Amino acid sequence: MAKEGVKAREVKRQKLVARYAEKRAVLKAAGDFEGLDKLPRNSSPVRLHNRCKLTGRPRGYMRTFGISRVTFRQMALDGKIPGVRKASW
């Protein structure tokens with residue numbers, strides 16, 4: 001239940017960043033820092049955090065797959081990720 005709230009919060013932040021991106025760029029170029037202060041805090045792209053698409057885990061995120069290392073390992077061992085094999089030598 002808590003995971004769904006976390007993922008929903010991240011999606012909401014992504015929408016805010018996209019909505020205010022153009023306005024933020026104009027204000028930044030003009031040097032209007034008071035105007036930037038009046039924008040919502042979550043509209044800043046710095047506040048975004050990569051999370052696992054399946055579990056919402058914030059740490060151990062693998063950018064190439066979009067999932068956490070724990071989920072990646074489980075899926076790789078189950079054979080659910082094509083082209084990935086366990087290394088042994």
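Figure 1. Arg 13 and Glu 10 sit three residues apart, about one turn of the helix, and both belong to helix 1 (residues 2–30). Helices here are DSSP runs of H or I with at least four residues, strands are runs of E with at least two, and the numbering of both starts at the N terminus. What you're looking at is a predicted model, in which local features need pLDDT of at least 70 and side-chain atom pairs count only at pLDDT 80 or more, while totals for chains, interfaces and linings use all residues. Residues are numbered from 1 along each chain as its sequence is written, and side-chain values use heavy atoms, with hydrogens and water left out.

The two side chains meet in a salt bridge, at 3.3 Å from N to O. (A salt bridge means a side-chain nitrogen of Lys or Arg within 4 Å of a carboxyl oxygen of Asp or Glu.) Are these two partners buried or exposed? Arg 13 is buried, because its relative accessible area is 17%, and Glu 10 is buried too, at 8%. For these labels, buried means under 20% relative accessible area, exposed means over 50%, and partly exposed is in between, with a 1.4 Å probe and protein chains only.

**Figure 2. Glu 10 and its link to Arg 51.** Glu 10 also meets the side chain of Arg 51 in a salt bridge, this one at 3.5 Å from N to O. Arg 51 lies in the loop between helix 2 (33–38) and strand 1, whereas Glu 10 is in helix 1, so the pair ties together parts that are 41 residues apart in sequence. Through shared partners, the salt bridges join Glu 10, Arg 13 and Arg 51 into one network. How many salt bridges does the rule give? The count comes to two.

Figure 3. Setting aside residues up to four places away in sequence, Pro 40 touches Tyr 20 and Arg 24. With neighbours within four places left out, Ser 44 is in contact with Val 17 and Arg 24. Contact means heavy atoms within 4.5 Å. Pro 40 counts as partly exposed because its relative accessible area is 30%; Ser 44, at 17%, counts as buried. For a sense of distance, Pro 40 and Met 62 are 22 residues apart in sequence and 29 Å apart in space, C-alpha to C-alpha.

**Figure 4. Val 46, an exposed loop residue.** Stay in the loop between helix 2 and strand 1 and you'll find Val 46. Val 46 has a relative accessible area of 72%, so it is exposed.

**Figure 5. Phe 65 and Arg 63, between the two strands.** Phe 65 has its place in the loop between strand 1 (61–62) and strand 2 (67–68), and Arg 63 lies in that loop between strand 1 and strand 2 too. Phe 65 counts as partly exposed because its relative accessibility is 39%, while Arg 63, at 69%, counts as exposed. Which residues does Phe 65 contact, leaving aside its neighbours within four places in sequence? They are Phe 72, Ile 81 and Val 84. The C-alpha atoms of Phe 65 and Leu 36 are separated by 34 Å, the two residues being 29 apart along the chain. Arg 63 and Ala 76, 13 residues apart in sequence, are 16 Å apart in space, C-alpha to C-alpha.

**Figure 6. Zooming out to the protein chain.** The protein chain has three helices and two strands, running α-α-β-β-α from the N terminus on. Its C-alpha trace spans about 60 × 30 × 15 Å along the principal axes. Buried residues make up 25% of the 89 residues. Among contacts with a separation of 6 or more, 27% come from residues 24 or more positions apart.
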